[in-house]
Amino acid sequence: MSRSPLRAAALLLAASVLPAHAQQQTPPKEPVRDEFFWLGEINKASTVINTEQGLLDRALAPKLAQGIAKVIEAGNQPGARRPSTVITFEPLMIREAGVEVTLIHAGRSSQDMHATYRAAIMRDRLLALADQLNRTTRTMVELAATHRETVVPNYTNGVAAQPNSYGHYLLGLAAGLDRDAQRIRETYARVDRSPMGTTVLNGTSWPLDRQRMADYLGFAALVDNAYDASQIAAADLPVEAGGIVTGIALHVGGFIEDLMTQYAQSRPWILLREGGGNTYVSSAMPQKRNPGLLNGTREDASAVLSLAMGPVFKAHNIPPGMPDAKDAKANSAMIDGAAKALQGLDRILKALAIDPDRALEELNSDWTASQELADVLMRKYKLPFRAGHHFASEVVDYAKLNNIKPTDFPYAQAQAIYRKAVTEMGLPAAELPMSETEFRATLDPVAIVKSRVTLGGPQPTEMDRMLTEAKQRLDQQDAWIKEKRAKIATALAKLDADFGKLAKGSD
């Protein structure tokens with residue numbers, strides 16, 4: 001989005017009055033937690049742990065630690081090479097610390113080291129996805145609170161079906177996103193397990209402290225079975241993450257398609273506000289305002305679906321241990337793509353323009369309230385539902401044949417249809433038990449929404465309850481994300497401190 005001239009001028013003015021040192025200072029960037037980063041952390045942890053366990057000569061350890069630190073520092077420079085495999089990282093360590101640095105490779109393999117950084121990277125990506133999912137869901141819940149009493153048409157089988165509160169509709173969508181959040185938490189618990197120390201297939205004869213390694217890298221637990229660690233889990237966890245991504249993409253795409261149906265109408269009741277990159281003008285047709293934001297976000301969701309199928313196709317029909325489905329970059333792109341689609345959905349929700357009067361007009365131009373006739377006749381007057389349904393259906397048929405709206409339907413005609421309908425259903429002849437006032441009130445979309453009594457319905461008391469609980473779930477999810485991120489950060493800070501002491505040769 002381009003800045004306005006006033007905004008640009010304000011920023012320029014602010015920069016001109018700041019002290020020179022304040023203008024130049026930028027917060028230090030956090031290192032990218034990619035394959036290179038985690039190989040560095042694993043090497044740091046191996047050096048510290050093996051020294052403490054007596055597997056590495058304590059007199060040699062500072063030299064090795066200093067060499068590893070130089071490799072990491074060099075890789076963190078702008079534009080520097082950041083090797084992503086053990087066999088390309090190790091030569092850099094040998095160059096800085098000598099071949100003795102390979103003593104830290106006791107009981108290790110590229111198999112368990114790569115499985116570990118893949119798990120660590122996926123763990124980070126899942127937390128980033130959970131964070132964006134929570135932000136988008138919170139926007140949706142806040143919009144639901146704003147429109148808790150806005151009555152709009154809802155659709156089934158692509159056809160207008162019943163009146164509903166738009167807030168209730170949004171909370172239904174938010175419930176689907178909450179299940180996506182649950183799946184992230186469940187998958188995270190399976191990803192948050194350290195494979196380090198399992199070597200290739202069956203462990204090692206070296207007495208490695210696997211739990212200490214897991215603690216340094218911020219993992220909550222260990223992968224229990226050494227064969228599972230790099231041969232099974234490393235391939236099926238990306239498939240599981242793909243399932244989460246698929247669910248999110250389907251929820252995003254479904255909402256967009258529901259909204260897109262309005263763009264085919266000449267007088268929609270819901271649109272995107274123009275400006276801000278939400279819409280764009282047709283190059284040929286002046287009247288058109290194309291919903292670019294909807295199209296772009298739907299494309300992002302569709303791209304995510306294609307990426308989510310990748311791990312499945314890569315992992316099928318191959319023996320355990322093949323690398324096909326394990327690629328960290330491809331699996332990160334899949335998860336990050338879902339976060340991008342959610343960012344688009346967040347923008348859409350913030351850009352919606354809803355016309356409650358036009359929505360009510362739409363409801364009153366169709367017979368989306370007709371089921372209420374059958375419900376009231378059964379609930380209040382004990383008429384069998386199918387008989388009431390037949391009566392309501394005949395009313396609708398007559399109205400559509402004669403182009404009559406619900407608000408204009410002749411009460412006398414309703415009485416005549418009722419007399420005929422009940423006898424056609426094999427019941428004794430009877431008069432319509434509803435008065436004209438009650439008949440018309442029963443067809444009022446706003447009254448229908450407010451009079452619902454079902455647990456989970458759109459009536460004000462239930463909306464209040466569901467909004468409160470939805471916000472509580474979002475707060476709990478925020479706390480969960482912060483807790484997991486803090487655990488990783490604390491573990492890595494501890495590793496940095498202990499490794500720093502070792503590099504200095506101090507205890």
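A residue is termed buried when its relative accessible area is under 20%, exposed when it is over 50%, and partly exposed in between. The following legends describe close-up views of a predicted model.

View A. Glu362 belongs to helix α12, which spans residues 356–364. With a relative accessibility of 19%, Glu362 counts as buried because the limit for that class is under 20%. Leaving aside neighbours within four places in sequence, Glu362 is in contact with Pro153, Gln265 and Trp269. The C-alpha atoms of Glu362 and Pro163 are separated by 9.9 Å, although these two residues are 199 residues apart along the chain.

View B. The side chains of Arg183 and Asp180 meet in a salt bridge, at 3.0 Å from N to O. Both residues lie in helix α7 (residues 166–191), three residues apart, or about one turn of the helix. An α-helix has 3.6 residues a turn, so residues three or four places apart point the same way.

**View C. Salt bridges between separate elements.** The model contains 32 salt bridges in total. In one of them, Glu52 pairs with Arg212, and the closest N and O atoms are 2.4 Å apart. This pair links distant parts of the chain, since Glu52 is in helix α3 (residues 35–52) and Arg212 is in helix α8, 160 residues apart. Glu52 is partly exposed at 43% relative accessibility, and Arg212 is likewise partly exposed at 24%. A further salt bridge joins Glu100 to Lys63, with the closest N and O atoms 3.9 Å apart. Glu100 lies in the loop between α5 (86–97) and α6, and Lys63 in helix α4 (residues 61–75), so the pair ties together parts that are 37 residues apart in sequence. Glu100 is partly exposed at 33% relative accessibility, as is Lys63 at 41%.

View D. The largest nonpolar core comprises 101 residues, of which Trp38, Leu129, Tyr166, Leu170, Phe255, Ile348 and Leu352 touch the most other members. Helix α6 (residues 110–146) gives the most to this core, contributing 15 residues. Beyond its neighbours within four places in sequence, Tyr166 is in contact with His147, Thr150, Val152, Phe255, Trp269, Ile270, Leu352 and Ile354. Another core, of 25 residues, lies apart from the largest one and includes Ala369, Tyr411, Leu432 and Phe439.

**View E. A nonpolar patch on the surface.** Val200, Leu201, Tyr227 and Ile232 form this patch and together have about 290 Å² of accessible area. Val200 is located in the loop between β3 (193–194) and α8 (210–216). Val200 is partly exposed, with a relative accessible area of 31%.

**View F. Helix α18 and the residue that follows.** Helix α18 consists of 45 residues, 460–504. From its first C-alpha to its last, α18 reaches 66 Å, close to the 66 Å expected at 1.5 Å a residue. Gly505 follows α18 and has a positive phi, near 80°.

Terms used: Residues numbered from 1 in each chain as written. Predicted model: local features only at pLDDT ≥ 70, side-chain atom pairs only at ≥ 80, totals over all residues. Heavy atoms only, no water. Core = buried A, V, L, I, M, F, W, Y, C linked by side-chain atoms within 4.5 Å. Buried < 20%, exposed > 50% of the residue type's maximum accessible area, 1.4 Å probe, protein only. Helix = DSSP H or I, 4+ residues; strand = E, 2+ residues; numbered from the N terminus. Contact = heavy atoms within 4.5 Å. Expected span 1.5 Å × (residues − 1). Patch = residues over 30% accessible without salt bridge, like charges linked within 9 Å, V, L, I, M, F, W, Y side chains within 5 Å. Areas by Shrake-Rupley, 256 points an atom, 1.4 Å probe, with all protein chains shown as cover. Salt bridge = Lys/Arg side-chain N within 4 Å of Asp/Glu carboxyl O.
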